[in-house]
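Me: Can you walk me through how to read a few features in this one? Let's start with contacts.

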Amino acid sequence: MKTINKIIIAAVILLGLACCSGNDPKIIKTEEYQDNWDKNLRIRATYADSTVVVFALRSNNSQEVVVSSIEQLNPKGTVIIPEKITSNKVSYSVTGIGEEAFSGNDVADVTIPNTITDIADGAFEGCERLVSINIPNSVTRIEKRAFSGCTSLTSITIPGSVTKIGRYAFDDCERLTSITISDGVKEIGNGAFAGTGLKSIIIPASVTDFGNNEIFYDCIDLNEIVVMDGNMKYDSRNNCNAVIETATNTLLAGCSNTVIPNSITTIADAFSGCKGLKSITIPNNVTTIRDHAFSSCINLISVTISNNVTNIGEEAFKGCTALSSIALPNSVTNIGERAFEECSSLTSVTIPNSMTIIEDYAFSSCSGLTSISIPNSVTTIGDCAFAFCTNLTSITIPSSVTRIGTRAFWSCTELTNVIIQTPSLSFEFDDVFYECDQLHSWDVVSQLDVNSIANGLTNEYEWILGEWKGVDFKGDLAIITRDGIVFNNAVRSGMLDEVEPDRSQLTKQTYEIKKTEYDFDNKEYMSIVVNGDSAYFRDGEAAYFLDLKSKVIFYFYDFDQKITLKKVK
């Protein structure tokens with residue numbers, strides 16, 4: 001009897017070893033099927049604890065499989081990935097964790113065997129219960145978004161076997177305060193640690209490819225960055241708390257405690273999303289501030305820009321909502337699109353005389369901006385350049401400006417005064433000043449011979465749209481009604497086509513509209529004031545000034561506007 005019991009016990013032990021050797025869990029059933037999408041072999045494995053894991057055959061190796069998905073979790077949320085899996089008497093090595101295999105799953109703990117070589121795109125993305133994970137020395141690649149959104153993950157060690165940390169691999173791991181990167185890692189992708197709770201980071205000497213985009217974006221608590229001595233491509237010279245590309249003197253990544261060394265010539269998007277940054281001084285050797293360099297630095301109050309900076313890239317300071325003023329030195333020749341967009345506290349901007357173009361959306365949504373001076377060097381104001389500057393009250397457009405883009409001052413709702421020193425500008429009023437509801441004064445200061453336009457007109461006169469009273473015409477300048485009747489010294493209220501003209505006001509000489517008419521948008525105009533090569537005309541919705549030689553139109557939409565034309569003495 002004792003002998004029989006010993007045999008039974010031995011058999012149970014052997015069975016247990018067979019089922020649970022190494023890290024292998026107890027799998028009680030496997031099923032094979034062909035996936036409808038990629039026609040590849042799938043193996044569905046049911047664990048003893050009710051977990052169901054699906055494995056997929058590697059396309060380039062008939063003896064290897066990767067974890068494809070988790071169909072069912074046990075109540076504890078634990079998963080043990082086996083080193084091997086057997087199905088239909090064929091043994092497969094488990095060598096990878098496939099794309100989005102655990103994505104969005106309620107997994108709390110995963111055991112990864114030493115057979116795994118790669119963790120694919122989004123493998124654990126959004127696993128909010130995952131607190132910790134051990135990456136074995138067999139893993140060589142952690143691909144993009146692999147652990148993105150693992151909001152409970154607190155610490156992780158990247159072994160030296162890993163050569164690549166993919167883009168946004170640990171993005172939005174907000175509780176991840178400790179990351180150890182072992183020597184051996186060569187590539188760190190863009191945004192790899194964005195949105196983490198890191199306080200410090202050490203970049204090993206082995207790294208030769210450091211992503212140049214948003215590596216530490218939105219790392220609020222990061223205050224120390226160190227590149228280990230011996231790195232042949234990057235450095236943290238002078239204990240500057242930054243990553244610098246040694247050969248080009250380009251600052252690639254910074255933090256709230258960064259002090260930019262004097263040797264730096266270019267700032268990449270090093271501080272993008274650095275919410276802890278409050279002030280920064282850009283030293284004299286810097287010539288270029290690249291795209292997104294300080295974008296979304298919401299607590300940045302003070303920026304000192306050296307006199308040698310020539311280029312400020314697209315969205316360089318976009319979303320710096322605490323920045324109240326900035327002085328751009330005369331060395332600056334280019335400000336990129338949206339460079340200061342959404343800088344809502346910006347009340348003062350000095351645009352240097354070296355500027356020729358204000359790019360699209362450059363200062364849009366700066367709701368604190370009340371006035372701005374555009375220097376005579378500027379020739380172009382881009383599309384929506386000052387759109388939604390809701391506190392901008394006045395603007396003077398110098399004679400150097402030859403183009404104003406579409407909706408350049410869109411929804412500048414407090415804009416009441418505009419002075420344009422170049423009446424030959426190519427733009428349409430409704431586009432440039434779209435939804436500028438308070439714009440009542442519109443001064444066109446002509447650099448042309450006013451006599452060729454007004455022919456003896458008094459030095460100043462007012463044309464009140466909708467009422468047409470107090471108009472003083474001289475010479476042959478006249479109002480031509482829709483029915484062809486011409487009269488001057490008109491004092492009349494209401495729409496001209498809605499009243500019978502006062503015959504007593506007609507001069508001895510009358511004019512008829514010629515058959516050769518000016519066709520603008522196929523509209524029929526109620527009244528036209530014509531003199532030589534210029535004309536004023538209106539339709540049911542708007543009034544226009546037209547230079548017939550250059551075919552330039554100024555467009556006035558609001559009937560309540562008061563338009564003042566002034567002579568240039």
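Me: Which residues does Ser399 touch, not counting residues up to four places away in sequence?

Reply: Contact means heavy atoms within 4.5 Å. Here, Ser399 touches Asn376, Gln421 and Thr422, with residues up to four places away in sequence not counted. Keep in mind that this is a predicted model, where local features need pLDDT of at least 70, side-chain atom pairs count only at pLDDT 80 or more, and totals for chains, interfaces and linings use all residues. Residues are numbered from 1 along each chain as its sequence is written, and side-chain values use heavy atoms, with hydrogens and water left out.

Me: Is Asp235 buried or exposed?

Reply: Buried means under 20% relative accessible area, exposed over 50%, and partly exposed in between (1.4 Å probe, protein chains only). Asp235 counts as buried because its relative accessibility is 16%. By contact, Asp235 touches Val227, Ala242, Val243, Ile244 and Thr246, again not counting residues up to four places away in sequence. As for Ser399, it is partly exposed, at 37%.

Me: How many cavities of 30 Å³ or more does a search of the whole structure find?

Reply: Rolling a probe the size of a water molecule over the atoms shows where empty space is left. On a 1 Å grid over the protein atoms alone, a cavity is a set of points where a 1.4 Å probe fits but cannot get out; lining residues have an atom within 4 Å of a point. Grid points are joined across faces, edges and corners, and a volume is the space filled by probe spheres set on the points. The search finds five cavities of 30 Å³ or more. The second largest cavity holds about 60 Å³ of space, and its lining includes Phe216, Leu252 and Asp269.

How values were computed
On a 1 Å grid over the protein atoms alone, a cavity is a set of points where a 1.4 Å probe fits but cannot get out, and a pocket is an open set with protein on both sides within 12 Å along at least five of seven lines; lining residues have an atom within 4 Å of a point.
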